[in-house]
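This report describes the annotated region, the domains, a helix pair and the ligand surroundings of one model.

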Amino acid sequence: EIQKKWWHKSVIYQIYPRSFYDSNGDGVGDLQGIIQKLDYVKLLGADVIWLSPVYDSPNVDNGYDISDYYSISSEFGTMEDMNKLLLESSKRGIKIIMDLVVNHTSDQHPWFIEAKKSKDNPYRDYYIWRDPVNGKEPNELKSNFGGSAWQFDETTNQYYLHFYSKEQPDLDWENKKMRSSIWDMMNFWINKGIGGFRMDVIDLIGKDPDKQIKENGPRLHDYLQEMNQKTFGTKDLLTVGETWGATTEDGKLYSDPKRKELSMIFQFEHIQLDKIPGKQRWDLKKLELNELKHVLSKWQYALNEEGWNSLFWNNHDLPRIVSRWGNDREYRVESAKMLATLLHGMKGTPYIYQGEEIGMTNAAFESIEDYMDIETQNIYKERKAAGFSEEDIMESLYMKARDNARTPMQWSNAANAGFSSGKPWMKLNPNYPSVNVESALYDSDSVFYHYQKLIKIRKQNNTLIYGTYRLLDSEPNIYAYERILENKKLIIVCNFYEPEATFSYSPESHSAVNILISNYSHSSSDLKNVTLRPYEAIIYEII
Ligand code: TEU
Ligand code: CA
């Protein structure tokens with residue numbers, strides 16, 4: 001039996017501050033803006049907010065390039081605003097999880113500015129430097145944003161490592177002094193009363209560049225155990241690692257409480273099912289529902305007892321799920337609710353990315369100029385140079401660009417979607433007059449109220465939290481599973497596509513079948529023979 005934790009019952013709402021709500025009309029979302037919208041988060045029912053980075057940053061990668069871990073970016077506000085946000089959220093029973101970006105810093109961080117000065121600078125070994133090999137890069141390691149992972153620095157005639165942009169030099173985790181600087185910084189934030197950390201690309205910190213190892217390096221788990229001991233281990237915090245390279249075995253290593261590492265990880269196996277295996281995510285492939293069932297079930301089974309799952313479709317790096325695996329044309333509302341039901345019915349802690357709860361969609365901008373993201377700009381140039389057609393490249397961007405998630409939050413049908421009284425830092429999705437918070441709150445059948453209800457039934461129903469998951473047999477277009485806790489059972493049935501499909505299930509002995517939630521009115525409760533309408537999704541309770 002697993003030891004119970006507060007975050008088992010939590011639902012987490014991710015805020016990308018730049019695009020959430022602008023309180024002072026400069027076109028950029030800010031901390032005061034978040035404070036003003038806390039009641040909205042509360043109304044939804046989420047009890048934790050994950051804040052994407054709000055620290056000082058030159059914003060080459062929108063805050064994922066940090067130049068001072070101890071101060072708030074002036075665009076977002078001040079440390080006083082941050083304190084106010086912590087206070088106002090705690091009044092509402094909401095915890096704040098900070099983004100911890102410690103695989104790399106900005107090249108404008110004082111550590112790097114020092115490190116660059118000379119080979120014997122005390123901060124030199126906070127980063128990873130190598131001599132040229134035959135006048136070239138030390139090896140073939142590639143940056144995740146394209147090109148080599150090595151950047152030549154003329155002052156000392158050495159290369160430094162960067163797995164993201166050259167303005168994001170990688171920290172050297174083998175350096176004990178560097179690690180202890182990180183523990184100090186984490187403890188500073190813990191002492192401020194935050195609820196935990198989301199750890200950016202944490203599976204990269206064990207890197208071994210000479211062996212060309214990026215993910216899952218040899219000392220990765222040692223570092224995490226040390227981090228746990230030196231920082232949050234004795235506190236009751238939520239920690240979630242971003243781990244693109246995790247297998248289910250890794251998932252247990254990170255999240256089995258006995259190992260004293262993290263609460264949970266974000267695994268990305270399911271999120272990569274619609275790309276051609278071994279290729280980049282720009283190389284599109286259609287999702288096979290069968291593969292999705294296989295992968296999600298595998299994670300559910302693997303972490304049932306030894307560990308804990310996080311549940312997500314979206315974040316600031318991913319396209320909008322309703323455009324990706326739903327149907328944002330004829331069935332935006334139905335399919336958004338179906339995807340929500342499928343995910344929130346599973347065992348783990350659900351994450352909702354801002355705008356997901358109103359069914360916000362991808363934005364297909366015509367011109368590459370309207371894309372703000374460094375990754376998008378790089379991949380565009382790289383693919384142009386490799387001879388891809390404009391049409392092909394733009395199609396990949398419409399499907400997968402990170403900017404799909406970063407258009408400003410759509411609050412109302414007013415100018416700039418009510419996001420800002422000034423000129424937003426990024427173009428809005430043109431559908432805001434119909435897809436926005438104000439109209440969602442006005443419509444009792446909206447995607448918003450479906451999410452609100454899912455969160456509510458989770459809080460009331462222990463079977464949703466601790467029940468064991470089992471995939472059920474069904475027609476190919478249906479995803480159905482059960483959750484079992486003692487003598488209670490839930491059946492979650494989702495028609496993943498538009499055509500009608502039938503589902504049948506014979507409960508052994510039972511007294512009643514209740515419908516806890518459905519995305520249609522009058523769903524059938526005759527489990528022996530249910531005809532599911534387009535994207536219909538139902539949670540049954542059998543007692
Ligand atoms: O992202 C990690 C990461 O490698 C991917 O999200 C990547 O951006 C891309 O989607 C893969 O093709 C984290 C942050 O979430 C992201 O916003 C940062 O840009 C990145 O780390 C660097 O800090
Ligand atoms: Ca602002």
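## Annotated region

Over residues 14-406 the chain is 31% helix and 13% strand, where helices (H or I, at least four residues) and strands (E, at least two) are DSSP runs numbered from the N terminus. The end C-alpha atoms of this stretch lie 12 Å apart. An unreviewed UniProt entry annotates residues 14-406 as "domain: Glycosyl hydrolase family 13 catalytic"; such annotations may be inferred rather than shown by experiment, and their positions follow the numbering used here, with feature names shortened.

The model is predicted: local features need pLDDT of at least 70, side-chain atom pairs count only at pLDDT 80 or more, and totals for chains, interfaces and linings use all residues. Residues are numbered from 1 along each chain as its sequence is written, while chains are lettered from A and ligands numbered from 1 in the order in which they are written.

## Domains

An automatic or database assignment divides the chain into domain 1 (12-97 + 354-449), domain 2 (110-161) and domain 3 (468-542). Between the C-alpha centres of domain 2 and domain 3 the distance is 56 Å.

## Ligand surroundings

Ligand 1 is surrounded by 13 residues, counted when the C-beta atom, placed from the backbone, lies within 6 Å of the molecule. The closest are Asp61, Tyr64, Tyr164, Val201 and Asp317. By class, this shell has six charged (Asp, Glu, Lys, Arg), five nonpolar (Ala, Val, Leu, Ile, Met, Phe, Trp, Tyr, Cys, Pro) and two polar residues (the others, Gly among them).

## Helix pair

Helix H10 (residues 332-344) and helix H14 (residues 447-460) pack with their axes 9 Å apart, at an angle of about 15°. Axes are lines fitted to C-alpha atoms over the stretch in contact, and angles run from 0 to 180 degrees between N-to-C directions. H10 and H14 are therefore roughly parallel (under 35 degrees).

Key. Angles under 35 degrees count as roughly parallel, over 145 as roughly antiparallel, 65 to 115 as roughly perpendicular and the rest as oblique.
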